[in-house]
Amino acid sequence: MPLVGQLARMIEDEAAKPDQHSFLMATAFARQIVSLVLREWPETLVRRYEASGSGHLPRHELVRSIEIMSMTSARDFTVPVLAGQLNRSPSTFSRLFTRSTGTSPHKFYVDLLFGQAANLLSGTDRPIKEIALELGFMSFSQFSNSFRQQWKMTPTEFRKQAGPYSLDGPANP
């Protein structure tokens, strides 16, 4: 999985920077690695949790829930709908997902969504409004306000501070 190695190098680059923005970027990259590993690694290499008595989601449900999250726009995401797609009640799904990942489904989704936003802002020169609409926000202002809550800066400030990134690592100035 060469992409995992590239993401790991990006985490290493971010870890060398002392600011909060870098910590959040490293966290977003780490979540992408988790998603890739769960989806791609052979089941024999990933610890399996059986639903009965373990208190965790079975591996296939965890992978499927993350895949659904990564394909769901901000305007369409709700935990009850996600739980229903996995034939679980919202409360059972939330409890099992939180035990499996250490974070609630909603928080995981928000981190995933704004990780995608960060990647698009730092890796493309597309207009911010276009990125906001692609991710499913109803307006630029809704995206900007939510982004500021997550990253403690506006999307424009983030783009300026992040500089260009690619899957090959940081761009050389």
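This briefing covers helix packing, the nonpolar core and selected residues of the structure above. The model is a predicted one. Its largest nonpolar core has 37 residues, and helix H7 gives the most to this core, with 10 residues. H7, which spans residues 105-123, packs against helix H10, residues 155-162, and the axis of H7 also crosses that of H9.

**Nonpolar core**

- Within the largest nonpolar core, the residues with the most contacts are Phe114, Phe143 and Phe158.
- Eight elements are listed as giving two or more residues to this core: helix H2 (20-40), helix H4 (59-71), helix H5 (79-85), helix H6 (90-101), H7, helix H8 (128-134), helix H9 (140-151) and H10.
- Among these elements H7 is the leading contributor, with 10 residues.
- Beyond residues up to four places away in sequence, Phe143 touches Phe114, Ala117, Ile128, Ile131, Ala132, Leu135, Phe137 and Pro155.

**Packing of H7 with H10**

- The axes of H7 and H10 are 9 Å apart, and the two helices pack at an angle of about 60°.
- H7 is therefore oblique to H10.
- The crossing of H7 past H10 is right-handed.
- On the H7 side, the contact is formed by Ala118, Leu120, Leu121 and Ser122; on the H10 side, Pro155, Phe158, Arg159 and Ala162 take part.
- By class, the residues of this contact between H7 and H10 comprise six nonpolar, one polar and one charged.

**Packing of H7 with H9**

- The axes of H7 and H9 cross at roughly 105° and come within 11 Å.
- H7 is therefore roughly perpendicular to H9.
- H7 contributes Lys107, Val110, Asp111, Phe114, Ala117, Ala118 and Leu121 to the contact, while H9 contributes Phe143, Ser146, Phe147, Gln150 and Trp151.
- The residues of the contact between H7 and H9 divide into eight nonpolar, two polar and two charged.

- Apart from neighbours within four places in sequence, Ile68 is in contact with Leu82 and Gln85.
- Ile68 and Leu82 are 14 residues apart along the chain, and their C-alpha atoms are separated by 7.5 Å.
- Ser73 lies in the loop between H4 and H5; its relative accessibility is 15%, and Ser73 therefore counts as buried.
- Excluding neighbours within four places in sequence, Ser73 is in contact with Tyr109, Leu135 and Gly136.

**Loop residues with positive phi**

- Asn87, in the loop between H5 and H6, is not a glycine, yet has a positive phi of about 60°.
- The relative accessible area of Asn87 is 72%, so Asn87 is exposed.
- Lys152, in the loop between H9 and H10, is likewise a residue other than glycine with a positive phi, here near 65°.
- Lys152 has 63% relative accessibility and therefore counts as exposed.

Terms used. Residues are numbered from 1 along each chain as its sequence is written. This is a predicted model: local features need pLDDT of at least 70, side-chain atom pairs count only at pLDDT 80 or more; totals for chains, interfaces and linings use all residues. Side-chain values use heavy atoms; hydrogens and water are left out. Axes are lines fitted to C-alpha atoms, for helices over the stretch in contact, and angles run from 0 to 180 degrees between N-to-C directions. Helices (H or I, at least four residues) and strands (E, at least two) are DSSP runs, numbered from the N terminus. Angles under 35 degrees count as roughly parallel, over 145 as roughly antiparallel, 65 to 115 as roughly perpendicular and the rest as oblique. A crossing is left-handed if the near helix is turned anticlockwise from the far one by less than a right angle, and right-handed if clockwise. Contact means heavy atoms within 4.5 Å. Ala, Val, Leu, Ile, Met, Phe, Trp, Tyr, Cys and Pro count as nonpolar, Asp, Glu, Lys and Arg as charged, and the others, Gly among them, as polar. A nonpolar core is a set of buried Ala, Val, Leu, Ile, Met, Phe, Trp, Tyr and Cys residues joined through side-chain atoms within 4.5 Å. Buried means under 20% relative accessible area, exposed over 50%, partly exposed in between (1.4 Å probe, protein chains only).
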